[in-house]
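Me: I am new to this structure and would like a close look at a single part of it. Please take me through that part and its surroundings in one connected answer.

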Amino acid sequence: MPEIRDPVTAPRDPDRAISAALLRLLGASQEAAAEAAGIGERTLRQWEACSWWSDVKREASTRWLAGLAAKARLGLEKAVADDGRLALSVLERLEPALAPARQRLRLDVAAIPWQEIPDEALERIAAGEDPAHVLG
């Protein structure tokens, strides 16, 4: 069986390939992505046919997600600064010890496999008793 070879080698400037891959992931045509990355459309077609292209796409996706996460953090920071309730909600998620008692209890009870809770305790909780009292 003949050996399958890539039509071209990986570019010396991987950032051009990553830029083109990112634009393609975002829906740009080969023509538009190639032009924006400063390469020929034929070159991009050849790159996309190479075995190493999936690594380039993965790197482009990783960089895009990292940038998106950074923007989300900035947006959250601005939103939290303007909204006390949102700030408290975020803080409660980041610091479980600051969460309301019921929420802490749900987290604690969720950590206990239900099979390990005695039947009597499960019945009392099902009847409406406070799980913190029953399990405490």
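Reply: In this predicted model, a nonpolar patch on the surface is formed by L25, L26, W64, L65 and L68. Together these residues have about 480 Å² of accessible area. Helix α4 supplies the largest share of the patch, three residues. L26 is placed in the loop between α1 and α2, where α2 covers residues 30-37.

Helix α1 spans residues 14-25 and helix α4 spans residues 53-82. Their axes lie 8 Å apart, and the two helices pack at an angle of about 75 degrees. Because angles from 65 to 115 degrees count as roughly perpendicular, α1 is roughly perpendicular to α4. On the α1 side, the contact is made by D15, A17, I18, A20, A21, L22 and L25. On the α4 side, the residues are W53, V56, K57, E59, A60, S61, R63 and W64. Sorted by class, this contact of α1 with α4 has 10 nonpolar, one polar and four charged residues.

Helix α1 also meets helix α3, which runs over residues 41-48. The axes of α1 and α3 come within 11 Å and cross at roughly 85 degrees, so these two helices are roughly perpendicular to each other. Here R16, A17, A20 and R24 of α1 meet L44, W47 and E48 of α3. By class, the α1 contact with α3 has four nonpolar, no polar and three charged residues. A17 and A20 are listed in the contact with α4 and again in the contact with α3.

How values were computed: Residues numbered from 1 in each chain as written. Predicted model: local features only at pLDDT ≥ 70, side-chain atom pairs only at ≥ 80, totals over all residues. Heavy atoms only, no water. Axes fitted to C-alpha atoms, helices over the stretch in contact; angles between N-to-C directions. Helix = DSSP H or I, 4+ residues; strand = E, 2+ residues; numbered from the N terminus. Parallel < 35°, antiparallel > 145°, perpendicular 65-115°, else oblique. Contact = heavy atoms within 4.5 Å. Nonpolar A, V, L, I, M, F, W, Y, C, P; charged D, E, K, R; others polar. Patch = residues over 30% accessible without salt bridge, like charges linked within 9 Å, V, L, I, M, F, W, Y side chains within 5 Å. Areas by Shrake-Rupley, 256 points an atom, 1.4 Å probe, with all protein chains shown as cover. Salt bridge = Lys/Arg side-chain N within 4 Å of Asp/Glu carboxyl O.
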